[in-house]
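User: I want to know what stands behind the labels used for this model. Please take me through a few of them.

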Amino acid sequence: IVWEELLRMDLLMEDYNHLLEYGRLCMELYPEQPVAMLFTALGAYQLKDYQLAEKLLNRGVKMVAGNNELLAQFYMYLGDVYHALHKEEESDQAYEKSIQIKDNNSYVLNNYSYYLSLRGKDLDKAEDMSKRAVEMDPENSSFQDTYGWVLYKLGRYRDAEEWIAKALK
């Protein structure tokens, strides 16, 4: 618990080098603890070491047992990492797995819809997910902006303008 709190504080304080260093040490001491792997992967991701983050997240997915919340988080971050690595199909699959496990994660819905819209893929699905994210967290300007962007990609310019204006406020 103490190690997890240390890693969580590193993440909150955005001390990613310390997070990576102590995450590795924690994984050595507790090799069967997937939470340490998750935090270490997040440190690697923030430091743009996407290959290490991918390796740790994939290893961690295999270790999670009986904790769907944690498993959904692993897949969520795998979606982010695969996107950063330009592995769109793997990114989509990871987000889909996260949503199958936990379908009300606004962060997953927002990011997945945004990445689909960037590629002009499944825009109706992207709109649905983005709208759900905004409904779950109506004051989140990032989600409002994504929704506006998806509407723009769909050619619904007046609606897009409205949502982007909300995001700017």
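User: Why is N105 called buried?

Analyst: Its relative accessible area is 15%. Buried means under 20%, exposed over 50%, and partly exposed in between, with a 1.4 Å probe and protein chains only. N105 falls under the 20% limit, so it counts as buried. This is a predicted model: local features need pLDDT of at least 70, side-chain atom pairs count only at pLDDT 80 or more, and totals for chains, interfaces and linings use all residues. Residues are numbered from 1 along each chain, and side-chain values use heavy atoms, without hydrogens or water.

User: Where does N105 lie?

Analyst: In the loop between α6 (88-101) and α7 (106-118). Helices are DSSP runs of H or I, at least four residues, numbered from the N terminus.

User: How do you know that the side chains of T146 and N110 make a polar contact?

Analyst: They are joined at 2.9 Å. A polar contact is a pair of N or O atoms within 3.5 Å, one able to donate a hydrogen and the other to accept it; residues adjacent in sequence count only if both atoms are side-chain atoms. The value of 2.9 Å is within 3.5 Å, so the label holds.

User: Which residues does T146 touch, leaving out those up to four places away in sequence?

Analyst: N110, S113, Y114 and S130. Contact means heavy atoms within 4.5 Å.

Definitions and conventions
Helices (H or I, at least four residues) and strands (E, at least two) are DSSP runs, numbered from the N terminus.
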